[in-house]
Amino acid sequence: MAHKPQPARISGTPADLSARLVAVVVTFNRCSHIQLTVDRLLASDAQTLAQIVIVDNASTDGTADWLCTLTDPRVDVMRLPANIGGAGGFEAGMRRAVDAHDADWIVVMDDDARPFVDALKQFMTTPPAADCVAAAVLYPDRGICEMNRPSVNPFTTPRAFAKTLLGRGRDGYHIPRAAYFCDTPIKIDLTSFVGFFAHRSCIDSVGYPDPNLFIYGDDVLYTLSVRRAGHTIAFDPRITFEHDCKTFDNDAIRKFTPLWKAYFAYRNGLFMYRQAAGPVLFWPILALCSLKWLLATVRYSDCKQRYLQVLRAAIWDAVRNDTRRSLADAKQLSGDA
């Protein structure tokens with residue numbers, strides 16, 4: 001944009017039940033999950049949740065057939081002709097929520113994530129803590145879902161940077177776990193697209209997620225943009241979502257399967273570091289990440305050359321800030337095509 005966006009001036013707050021809340025869910029080949037998520041969303045009345053936009057990323061597992069059986073007028077299904085990833089799906093769904101459904105607030109989630117009972121009502125009847133709000137994301141057993149733990153930008157607060165640098169890792173810049181057991185919202189800089197509520201005024205000034213990211217990091221880059229534009233984001237532990245997912249138990253043994261996922265994880269990860277740290281700190285971070293990922297080659301002994309090819313392409317594209325490489329291109333690099 002040519003001008004710097006101004007901080008949001010919120011109208012139609014959640015405490016005003018005339019505000020329109022629209023949910024955006026992106027799904028791909030997880031029919032059993034999307035069924036649970038839709039059922040949970042439809043359990044909220046129309047005054048609480050005005051519309052549900054479901055973006056089907058060209059699923060091939062029967063999801064499209066099931067979605068065709070939905071008759072509730074609040075459900076709007078977008079069937080995409082090709083899989084454009086979570087980033088593309090959220091961009092398309094958020095545009096639909098604004099253009100077709102005149103949303104005042106949009107809440108986004110993956111197909112395996114859903115609000116706990118009364119979470120949306122809690123949001124709609126509570127004055128907002130910020131221009132955007134992040135829910136407390138938990139596993140179905142109510143344990144904290146680490147992959148969705150929000151954070152501050154460790155490169156803007158000396159204390160967080162020092163804690164991260166001194167080996168605290170995630171605990172150096174992610175919010176403390178104790179924050180989940182309080183009733184007080186806290187300000188954050190980064191969060192995921194699970195239980196993320198964005199006000200229309202933020203979207204009007206910041207725009208939409210970059211669809212060319214495909215997967216990984218689109219949420220972090222978007223929330224960084226929200227903060228850079230002068231808007232506020234708060235983690236509100238009173239609003240709870242469940243995420244029925246599985247993730248890496250130990251980052252030290254992480255291995256991407258299929259291999260093409262490594263391309264997007266590495267490239268987009270470097271995009272995140274550049275935006276969070278700035279152009280000066282980016283280069284030493286690039287060197288450290290490149291060394292770390294190069295050392296990870298030992299985990300790919302069965303496809304070492306392919307892995308190195310993917311790594312080189314990810315680093316080269318990140319340095320050039322190039323998002324043109326598609327899923328098909330990444331699969332060709334990795335031998336997954």
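Here are some friendly questions and answers about this predicted model.

Me: Which residues touch the most other members of the largest nonpolar core?
Reply: Happy to start there. This core has 35 residues, and helix 3 (residues 85-99) gives the most to it, with five residues. The members that touch the most others are I106, V108, F196 and I203.

Me: Leaving aside neighbours within four places in sequence, which residues is V108 in contact with?
Reply: V108 is one of the residues that touch the most other members of the largest nonpolar core. It lies in strand 4, which covers residues 105-110. Once its neighbours within four places in sequence are left aside, V108 is in contact with V24, F90, M94, F193, V194, G195 and F196.

Me: Is strand 1 enclosed by the rest of the structure or exposed, and how many of its residues are buried?
Reply: Let's take its two faces in turn. L21, A23, V25 and T27 point one way and are buried, while V22, V24 and V26 point the other way and are buried too. Strand 1 (residues 21-27) is therefore largely enclosed by the rest of the structure, the buried count being seven of the seven residues.

Me: What is the handedness of the β-α-β crossover from strand 1 to strand 2?
Reply: Strand 1 and strand 2 (residues 51-56) run parallel and are joined by six bridges; T27, for instance, has D56 as its bridge partner in strand 2. Between the two strands the chain passes through helix 1 (residues 31-42). This crossover is right-handed.

Me: Which backbone oxygen lies 2.7 Å from a polar atom of the N268 side chain?
Reply: N268 sits in helix 9 (residues 260-277), and because its relative accessibility is 0%, it counts as buried. Leaving aside neighbours within four places in sequence, its contacts are L213, I215 and Y216. The oxygen at 2.7 Å is the backbone oxygen of Y216.

Me: How many of the 11 residues of helix 8 are buried?
Reply: Good one to check in the viewer. The buried residues are D218, D219, V220, L221, Y222, T223, L224, S225 and V226. What covers them includes helix 3, strand 6, strand 8, helix 7, strand 9 and helix 9. Helix 8 (residues 218-228) is thus mostly covered, with a buried count of nine.

Me: D118 is not a glycine; what is its positive phi?
Reply: Most residues other than glycine have a negative phi. D118 lies in the loop between strand 5 and helix 4, and because its relative accessibility is 54%, it counts as exposed. Its phi is positive, at about 75°.

Me: Is R142 buried, partly exposed or exposed?
Reply: R142 is found in the loop between strand 6 and helix 5. This residue is not a glycine, yet its phi is positive, near 80°. Because its relative accessibility is 49%, R142 counts as partly exposed.

Key. Residues are numbered from 1 along each chain as its sequence is written. This is a predicted model: local features need pLDDT of at least 70, side-chain atom pairs count only at pLDDT 80 or more; totals for chains, interfaces and linings use all residues. Side-chain values use heavy atoms; hydrogens and water are left out. A nonpolar core is a set of buried Ala, Val, Leu, Ile, Met, Phe, Trp, Tyr and Cys residues joined through side-chain atoms within 4.5 Å. Buried means under 20% relative accessible area, exposed over 50%, partly exposed in between (1.4 Å probe, protein chains only). Helices (H or I, at least four residues) and strands (E, at least two) are DSSP runs, numbered from the N terminus. Contact means heavy atoms within 4.5 Å. Two strands pair if DSSP finds at least two bridges between them. A crossover is right-handed if, with the strands pointing away from the viewer, the path from the first strand over the helix to the second runs clockwise. A polar contact is a pair of N or O atoms within 3.5 Å; within protein, one must be able to donate a hydrogen and the other to accept it, and residues adjacent in sequence count only if both atoms are side-chain atoms.
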